[in-house]
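Good morning, and thank you for making time for this presentation.

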Amino acid sequence: MAATFVSPSTVVGLGGTATCMSSPPMKTRLSSGFLKSGVTARNPLRLAGACGGKFTCFERDWLRRDFNVIGFGLIGWIAPSSIPAIDGKSLTGLFFESIGTELAHFPTPPPLTSQFWLWLVLWHLGLFITLTFGQIGFKGRNEDYFKY
């Protein structure tokens, strides 16, 4: 396999590399596009700014701005998880009951075979999924993603 020595403007294959940061006289190195560059960016924000690049960033408080998401998401999860569907008991009821059972012997942690861990993971997984879809729905509606 032959490597060719080319100018810094070549993009494809083996060739010279140059950085966009202002540095001492530009050195030309032989490198491959398949290998990681030996030059690491110190701060990607500053590097993109120096190269004239533009960013698309989220607003700083994109998650905390709308408390309706948290309120409706919590209600949207507690309502269906309170339906008695597991042997006449609800997931919320089983989870809270297991909390009470485990608190009865407080200094001792729950064993790994305890049903508490199953109800804890299922209840919180459902809550987080509901909150995530709620966030997507509210933000999509506010930013007109769902136009007909």
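In which helix is T92 found? T92 lies in helix α3; helices here are DSSP runs of H or I of at least four residues, strands are runs of E of at least two, and both are numbered from the N terminus.

A word on the basis of these values. This is a predicted model, in which local features need pLDDT of at least 70 and side-chain atom pairs count only at pLDDT 80 or more, while totals for chains, interfaces and linings use all residues. Residues are numbered from 1 along each chain as its sequence is written, and side-chain values use heavy atoms, with hydrogens and water left out.

Let us return to T92. With a relative accessible area of 7%, T92 is buried; buried means under 20% relative accessible area, exposed over 50%, and partly exposed in between, with a 1.4 Å probe and protein chains only. Leaving aside residues up to four places away in sequence, T92 touches I78, S81, S82 and W123, where contact means heavy atoms within 4.5 Å. The side chains of T92 and S81 are also joined by a polar contact of 2.6 Å. That term denotes a pair of N or O atoms within 3.5 Å; within protein, one must be able to donate a hydrogen and the other to accept it, and residues adjacent in sequence count only if both atoms are side-chain atoms.

S81 takes us to helix α2, where the buried residues are V69, G73, W77 and S81. Seen down the axis of α2, these residues fall within an arc of 65 degrees, so they line one face of the helix; the arc is that of the directions from the helix axis to the C-beta atoms. They pack against α3 (91-103) and α4 (115-142). F67, F72 and I75, on the other side of α2, are exposed.

In the model, residues 67-86 are 75% helix and 0% strand, with end C-alpha atoms 31 Å apart. For residues 116-138, the span is 100% helix and 0% strand, and the end C-alpha atoms lie 32 Å apart.

Finally, how many salt bridges does a search of the whole structure find? The search finds one, between the side chains of E97 and K89, at 3.5 Å from N to O.

Conventions: Salt bridge = Lys/Arg side-chain N within 4 Å of Asp/Glu carboxyl O.
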